[in-house]
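Hi,

Here is the structure I promised to pass on.

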Amino acid sequence: MCDADPASPAEGTPSVTPVVAFFDVDNTLLRGASIYHLGRGARRRGMLRLRDLVRFGWHQASFVAVGENRRHLVGVRERALHLINGRSERELEEIAEEVYDDFIARRLWPETVELTREHLRKGHEVWLITATPLVVAQVIAARLGLTGALGTRLESVDGRYTGALAGPMLHGEHKVDAATTLAQFLDSNLADCWAYSDSRNDIPLLELVGNPVVVNPDALLARHARTNGWSTLRLRPSSIRRAQRLVRREASPARGNKKRRT
């Protein structure tokens, strides 16, 4: 599945510890930004003004066209936090369920979804890892039958959101921290694990695992992938077949990146 067609990982002894496949969500599993669809659901319930939804839409269009950037993330985060201030946890869960059914499900990349299933068939754990609110990520993971989700946590008091984050936004190096913590909890060897992302901001996460795969990468990530011999998935039929063949093999523990965090 790599544009440069690097050698496939050698057949090896199956890992005796859990293997985790980490999947980014926005523009990796889902076309566009999941938070935009949360805004659409909020608008339908009268929680969001039309002009606010238009702003969400502008960010969505920009995200699809040029990829993730910090300015985009900060803008969407601020609007999302304003949106949920004072709302109940249950209400947001209901909106997340509704927007999955009405908007998100049909925008999932079928090729990437099939890769999550291929990992599950191999006995791997599949975790979403995303800057989107955890409540949304958990709904997507549950509907797809995945192992779990890591996402941005929102602060709540007595069942109502305060409009603040409960910790950092799960982005960049914070994804590395979350993935490392999960791997330690599972007693998983990160050299055997996989990560999938479209964004340059996830280079630290991709470097963390032994099997990085870039999906519809932005220009900087595409160059980085070529330099490091990483697999590149372009969401074409030939690419998905190669991707499935890679996952079906047991990754050799010796295979990894030129740079490796421990």
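**What I found**

The protein has 10 helices and 8 strands, where helices (H or I, at least four residues) and strands (E, at least two) are DSSP runs numbered from the N terminus. Before you go further: this is a predicted model, with local features needing pLDDT of at least 70 and side-chain atom pairs counting only at pLDDT 80 or more, while totals for chains, interfaces and linings use all residues. Residues are numbered from 1 along each chain as its sequence is written, and side-chain values use heavy atoms, with hydrogens and water left out.

Two overall numbers. Of the 262 residues, 56% count as buried (buried is under 20% relative accessible area, exposed over 50%, partly exposed in between, with a 1.4 Å probe and protein chains only). Among contacts with a separation of 6 or more, 66% come from residues 24 or more positions apart; contact means heavy atoms within 4.5 Å.

Six strands make an open sheet in the order 3-2-1-6-7-8, with parallel pairing (two strands pair if DSSP finds at least two bridges between them). Strand 3 (148-152) and strand 8 (231-233) are at the edges with a single partner strand each, so one side of each has no neighbour in the sheet. From one strand to the next, the twist averages 20°; axes here are lines fitted to C-alpha atoms, for helices over the stretch in contact, and angles run from 0 to 180 degrees between N-to-C directions.

Strand 6 pairs with strand 1 (residues 20-23) over 3 bridges, in the parallel sense, and tryptophan 194 is the bridge partner of alanine 21. With strand 7 (residues 211-215), strand 6 forms 4 bridges, again parallel, and tyrosine 196 stands opposite valine 213. To get from strand 6 to strand 7 the chain passes through helix 8 (residues 203-208), in a right-handed β-α-β crossover (right-handed if, with the strands pointing away from the viewer, the path from the first strand over the helix to the second runs clockwise). Strand 7 then pairs with strand 8 in the parallel sense over 3 bridges, where valine 213 has serine 231 as its bridge partner.

**The helices**

Helix 5 (residues 110-121) lies across strands 1, 2 (125-133), 6, 7 and 8, at about 165° to strand 1. Glutamate 111 lies in helix 5 and is buried, with a relative accessible area of 18%. Its C-alpha is 9.9 Å from that of threonine 28, 83 residues apart in sequence.

How do helix 4 and helix 6 cross, and at roughly what angle? The axes of helix 4 (residues 89-104) and helix 6 (residues 134-144) come within 9 Å and cross at roughly 55°. The two helices are therefore oblique to each other (under 35 degrees is roughly parallel, over 145 roughly antiparallel, 65 to 115 roughly perpendicular and the rest oblique). Residues that meet there include Leu92 and Tyr100 in helix 4, and Val139 and Arg143 in helix 6.

**One more spot**

Glutamate 155, in strand 4 (residues 154-157), counts as partly exposed at 32% relative accessibility. Leaving aside neighbours within four places in sequence, glutamate 155 has contacts including Tyr161 and Ala166.

Cheers
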